Amino acid sequence: LFVLVVYAFQSAFMPLVYFYGIGPDLILLMTSSIGFLNGKKVGSFAGFLLGLFEDLATGTFFGLNAFTKLIVGYVCGVFSTRVLKDSFG
């Protein structure tokens, strides 16, 4: 449900803050946050699922967002040992 709300917010309101066609990607931010907080396995799985959802919702080249967000989730998960997790919960 949260992913649907974030995607709806991103597609409805984020085009208002685009600067020469470049804007924020909240799904990418969510993927990197999950990767940093939960490790590389969970981060890559979440990145794949969120990217797959974005691919299905946009109808663009199928699998490109899933693959790139899988890589981002994995890389952020590799560096998750360097993040102080005590401040988050």
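Start with helices α3 and α4: they pass each other in a right-handed crossing. A crossing is right-handed if the near helix is turned clockwise from the far one by less than a right angle, and left-handed if anticlockwise. Helices here are DSSP runs of H or I with at least four residues, and strands are runs of E with at least two, numbered from the N terminus.

Before going on, note that this is a predicted model, in which local features need pLDDT of at least 70, side-chain atom pairs count only at pLDDT 80 or more, and totals for chains, interfaces and linings use all residues. Residues are numbered from 1 along each chain as its sequence is written, and side-chain values use heavy atoms, with hydrogens and water left out.

**Stop 1: α3 and α4**

Select α4, residues 64-78. Its axis and that of α3 come within 7 Å and cross at roughly 160 degrees. Therefore α3 is roughly antiparallel to α4 (over 145 degrees; under 35 is roughly parallel, 65 to 115 roughly perpendicular, the rest oblique). Axes are lines fitted to C-alpha atoms, for helices over the stretch in contact, and angles run from 0 to 180 degrees between N-to-C directions.

Now show the contact, meaning heavy atoms within 4.5 Å. On α3, pick residues including K40, G47 and D55. On α4, the partners include L64, K69 and V78. The contact of α3 with α4 has seven nonpolar, seven polar and four charged residues. Ala, Val, Leu, Ile, Met, Phe, Trp, Tyr, Cys and Pro count as nonpolar, Asp, Glu, Lys and Arg as charged, and the others, Gly among them, as polar.

**Stop 2: α1 and α3**

Select residues 2-13 for α1 and 40-58 for α3. Their axes come within 12 Å and cross at roughly 50 degrees. The two helices are therefore oblique to each other. This crossing of α1 and α3 is right-handed. Show V3, L4, Y7 and Q10 in α1; they meet L50, F53, E54, A57 and T58 in α3. Six of these contact residues are nonpolar, two polar and one charged.

**Stop 3: α1 and α2**

From α1 come F2, V3, V6, Y7, F9 and Q10; from α2, L26, I27 and M30. Eight residues of the contact of α1 with α2 are nonpolar, one is polar and none is charged.

**Stop 4: residues 12-37**

An unreviewed UniProt entry lists residues 12-37 as "transmembrane region". The end C-alpha atoms of this span lie 28 Å apart. The span is 54% helix and 0% strand.

**Last stop: the whole chain**

Zoom out. The protein chain has four helices and zero strands. Its C-alpha atoms fill a box of roughly 35 × 25 × 25 Å, taken along the principal axes.

Conventions:
UniProt positions renumbered as here; feature names shortened; annotations may be inferred.
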